[in-house]
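Me: I would like to go through this structure with you. Could we take it topic by topic?

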Amino acid sequence: MKRYFTFTLAIIFVFLLQGCYSKGSSAPAPNNVNVVAGDGMVTVSWDMLPGVEYWIFKAATNDVTPQTCLGAPQCQIIMKAVSPAVISGLTNGTLYSFSINGRLDSGAGGPGSPSVQAIPRLAGATWSVGTPLGTGVMRGTAFGSVYV
């Protein structure tokens, strides 16, 4: 009788676990994927949807997908990424590609976003045109104890 009771409990336990387990599903690729290069790092951003877990695929190549990342040089997969994501430890002057896919309830990943490229560079290597001097926007600048 004790053996029958243990067997019955084991069967009930297995059915309860199966009812709790969800295989999940894939999610569509995110929109508006953008990569901004910095000094030895990049910032990756995209439009997030609620309930979707995102993975970033990064490789030192001109094109990467979730399917080709593992065979690409310097492949890195960042799981459970949140936008914006900062990826550091990159080599300045090296081309990197990024693709993002999503999954629901730990399911299989969906299609990857189109590959986006960036080349990290030394800080100050790239300057953007701003407001011309003399327009009153710049109030002053300082270096140590010298003020201009």
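Me: To begin with a pairing detail, which residue in S6 is the bridge partner of Val42?
Reply: The partner of Val42 is Ile87 in S6. Please keep in mind that this is a predicted model.

Me: How many bridges join S3 to S6, and do these strands run parallel or antiparallel?
Reply: Strand S3, which covers residues 41-45, is joined to S6 by four bridges, and the two run antiparallel.

Me: What is the strand order in that sheet?
Reply: The order is S2-S3-S6, in an open sheet of three strands with antiparallel pairing.

Me: And which strands are at the edges?
Reply: Strand S2 (34-37) and strand S6 (85-88) are the edge strands, since each of them pairs on one side only. On average, neighbouring strands of this sheet are turned by 20° against each other, with direction ignored.

Me: What percentage of the residues counts as buried?
Reply: The chain has 148 residues, and 27% of them count as buried.

Me: Changing topic: how many disulfides does a search of the whole structure find?
Reply: The search finds one disulfide. Cys69 and Cys75 form this bond, with their sulfur atoms 2.3 Å apart.

Me: Is that disulfide of Cys69 and Cys75 right-handed or left-handed, and why?
Reply: The torsion about the S-S bond of Cys69 and Cys75 is about 110°, so the disulfide is right-handed.

Me: Is Cys69 buried or exposed?
Reply: Cys69 counts as buried because its relative accessibility is 0%. Cys75 has a relative accessibility of 25% and therefore counts as partly exposed.

Me: What about Leu70, buried or exposed?
Reply: Leu70 has a relative accessible area of 74%, so this residue is exposed. Leu70 is found in the loop between strand S4 (52-59) and strand S5 (76-81).

Me: Which residues form a nonpolar patch on the surface with Leu70?
Reply: Ile77 and Met79 form the patch with Leu70, and together the three have about 330 Å² of accessible area.

Me: On to the backbone. Is the peptide bond from Ser83 to Pro84 cis or trans?
Reply: The bond from Ser83 to Pro84 is cis, with omega near -5°. Pro84 is placed in the loop between S5 and S6.

Me: What is the phi of Asp105, then?
Reply: Asp105 has a positive phi of about 50°, although this residue is not a glycine. Its place is the loop between strand S7 (96-104) and strand S8 (116-118).

Me: And what is the phi of Ser106?
Reply: Ser106 also is not a glycine, and has a positive phi of about 60°. Ser106 is in the loop between S7 and S8.

Me: Are these two buried or exposed?
Reply: Asp105 is exposed because its relative accessible area is 55%. Ser106, at 62% relative accessibility, likewise counts as exposed.

Terms used:
Residues are numbered from 1 along each chain as its sequence is written. This is a predicted model: local features need pLDDT of at least 70, side-chain atom pairs count only at pLDDT 80 or more; totals for chains, interfaces and linings use all residues. Side-chain values use heavy atoms; hydrogens and water are left out. A disulfide is a pair of cysteine sulfur atoms within 2.5 Å. Buried means under 20% relative accessible area, exposed over 50%, partly exposed in between (1.4 Å probe, protein chains only). Patches are made of residues with over 30% relative accessible area and no salt bridge: like charges are joined within 9 Å, nonpolar side chains (Val, Leu, Ile, Met, Phe, Trp, Tyr) within 5 Å. Accessible areas come from the Shrake-Rupley method with a 1.4 Å probe; for residues, only the protein chains shown count as cover. A salt bridge is a side-chain nitrogen of Lys or Arg within 4 Å of a carboxyl oxygen of Asp or Glu. Two strands pair if DSSP finds at least two bridges between them. Axes are lines fitted to C-alpha atoms, for helices over the stretch in contact, and angles run from 0 to 180 degrees between N-to-C directions.
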